[in-house]
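I opened the model to go through its overall build and then a handful of residues. My notes follow in the order of looking.

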Amino acid sequence: MRILIVGGDAAGMSAASQIRRRQPTWTVEVFEMGERTSYGLCGIPYYVGGLVSNLENLVVMTPEQFERDRGIKVHIRHMVTAVNPARKSVTVKNLADGQSRDENYDQLLLATGAAPLIPAGLEPGVPGLFYIRGLDDAGRIRQAAAHARTAVVVGGGYIGLEVAENLAHDGLKVTLIGRRVANVFEPELQSLAQASLVKGGVNYLPGSEAVGAAAHPDGGVAVKLAGGETVQGDLVVVGAGVRPRSELAAEAGLALGEKKAVQVDRLQRTSNPFIFAAGDCAETHHLVTKKGVYIPLALPANRHGKVAGLNICGQSEKSQPVLGTSALKVFDLGLARTGLGLDEAIKAGFRSAVKTVVKQRSKPGYFPGSGEVTVAVIYDKITGRLLGGQMAGPPDGVGHRINTLAAAITGAMTVKEAAAIETAYAPPFSVVYDPVIIACEVAEKSR
Ligand SMILES: Cc1cc2nc3c(=O)[nH]c(=O)nc-3n(C[C@H](O)[C@H](O)[C@H](O)COP(=O)(O)OP(=O)(O)OC[C@H]3O[C@@H](n4cnc5c(N)ncnc54)[C@H](O)[C@@H]3O)c2cc1C
């Protein structure tokens, strides 16, 4: 059996490792167009701002280690340019010498990840304008930041906010362009994120939209806004969201789903019986809506890669549906969410979805580091079922607390049941009645 994998990061290498473990005699080969495997994209904002000093610290396992320790052959700097399902082969271009060749597979895994969204007018090519696609971009941004005084960040989502904070920590004067910030959160939490960004020293231009970028005559980059004004930065980082890298799949005639991500079933099988897909290039299944959804996050990518690997080996392992549990830090504020927001719940057909928002101390008022946590729970007013939860507060007060709600939603709990969870109490960690418990109690009372 010959298994080929396209993409050597979270999903691809999780699958490769599983296959190697279960089927030691099979051939497992990975084609990776970059130079690294198993690297932490999530650490990039912290490298860009200097908190992480060495880019290579973001690499978990090198291609050489995979080959030596796990017997997995990784062809770095090899880009798969076509999948030919009729011949069960892929066309691979060796980026070192430009030569292309065909390689046959018995089964194929697409783990090509996501690519940055490129807003019209902000196409790459302007010196000083950067996108984050991989660790090399991080290196280039870090280098540019070392000689810069000002930076413009385009995009108020997770990546834009993290990059803005880290560049500001590094001493740059940062302007952030975006219609809203943290817009996957409820409005009450968005306003907290905006306030924290501004308090942290970032010049945020609310309601702004970047529509063009060009080299500035005095150096750096001039970013043109929809209103006609121009903002100048020694460097510009665009973090305007991502899209699935699904071109290979589309050209091979595979079915695409939500947001053009590769459509897969719960076994990570595509519409072709010999091709699997996993990670940020693929659709996932939402635990609450039971529908296909595109949520590109690291844990599902690793998990679904592993499931694809097991099923390539002949098992029938179902992948865990997702809730989109995620967290973000904006200076002194942590934000976290899981499950559906109120609008998403209503759109998904939960007509009786409502929201309860409470504000509580994260720790007893007398304890150092105590702060206010705002918790929003989204639930069905008629059945009481928890559908989603979000929170904002001190970073050490939300990052793990959101997991209580994620566990409650995974267990299909009602707000009453979630309010009965026994949480831990000691002053360094929480208050007696944890804010999550209070939020669920208040939700239950208001039904
Ligand atoms: C800046 C940043 C911060 C993030 N922070 C977080 C976070 O805090 N928490 C979180 O959960 N998630 C975070 N993410 C998302 C997380 O990194 C991804 O969900 C995860 O990396 C997805 O893994 P993957 O293997 O599916 O795809 P990727 O990591 O994108 O890997 C895909 C690989 O495929 C290769 N490839 C693509 N096409 C080809 C081809 N044709 N031929 C050969 N090779 C190819 C690419 O070079 C790449 O190495 C962040 C992402 C970014 C960019």
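I take contact to mean heavy atoms within 4.5 Å. With that cut-off I looked up Thr-175 first. Leaving aside neighbours within four places in sequence, I find Thr-175 in contact with Ala-151, Val-152, Val-153, Asn-203, Leu-205 and Val-231. Thr-175 sits in strand S11, residues 173–178. Its relative accessible area is 10%, so Thr-175 is buried (buried is under 20%, exposed over 50%, partly exposed in between, with a 1.4 Å probe and protein chains only).

Ground rules. I note that this is a predicted model, in which local features need pLDDT of at least 70 and side-chain atom pairs count only at pLDDT 80 or more, while totals for chains, interfaces and linings use all residues. Residues are numbered from 1 along each chain as its sequence is written, and side-chain values use heavy atoms, with hydrogens and water left out.

Whole chain. I list 13 helices and 25 strands; these are DSSP runs numbered from the N terminus, helices being H or I of at least four residues and strands E of at least two.

Burial and surface. I record 53% of the 447 residues as buried. Of the contacts with a separation of 6 or more, 60% join residues 24 or more positions apart. The chain exposes about 19500 Å², with carbon and sulfur atoms supplying 52% of that area (Shrake-Rupley method, 1.4 Å probe).

Charge. I have 47 positive and 42 negative side chains, and the centres of the two sets lie 4 Å apart. Lys and Arg count as positive, Asp and Glu as negative, and His and the chain ends are not counted. Each charge is placed at NZ of Lys, CZ of Arg, CG of Asp or CD of Glu.

Val-242. I looked here at strand S17, residues 242–244, which holds Val-242. Which residues does Val-242 contact, its neighbours within four places in sequence left aside? They are Ala-114, Ala-115, Pro-116, Leu-117, Tyr-294 and Pro-296. Gly-113 is 129 residues from Val-242 in sequence, and the C-alpha atoms of the two are 9.7 Å apart. Val-242 is partly exposed, at 32% relative accessibility.

Met-79. I place this residue in strand S4, residues 78–84. Beyond four places in sequence, Met-79 touches Met-33, Thr-91, Val-92, Lys-93 and Leu-95. Val-92 is 13 residues away along the chain, with 5.6 Å between the C-alpha atoms of Met-79 and Val-92. Met-79 has a relative accessible area of 33% and is partly exposed.

Positive phi. Most residues other than glycine have a negative phi. Lys-88 has a positive phi, near 50°, and lies in the loop between S4 and strand S5 (89–94). Ser-38 also has a positive phi, near 40°, and its place is the loop between strand S2 (27–32) and helix H2 (44–48). Buried or partly exposed, Lys-88? Lys-88 is partly exposed at 24% relative accessibility, whereas Ser-38 is buried at 13%.

Pro-45. I find this residue in helix H2, buried at a relative accessible area of 4%. Pro-45 touches Glu-162, Val-163 and Asn-166, residues up to four places away not counted. Val-74 is 29 residues from Pro-45 along the chain, and their C-alpha atoms are 27 Å apart.

Glu-422. My last entry is in the loop between helix H12 (415–419) and helix H13 (435–445). Glu-422 counts as exposed, at 78% relative accessibility. The C-alpha atoms of Glu-422 and Asp-434 are 9.3 Å apart, across 12 residues of sequence.
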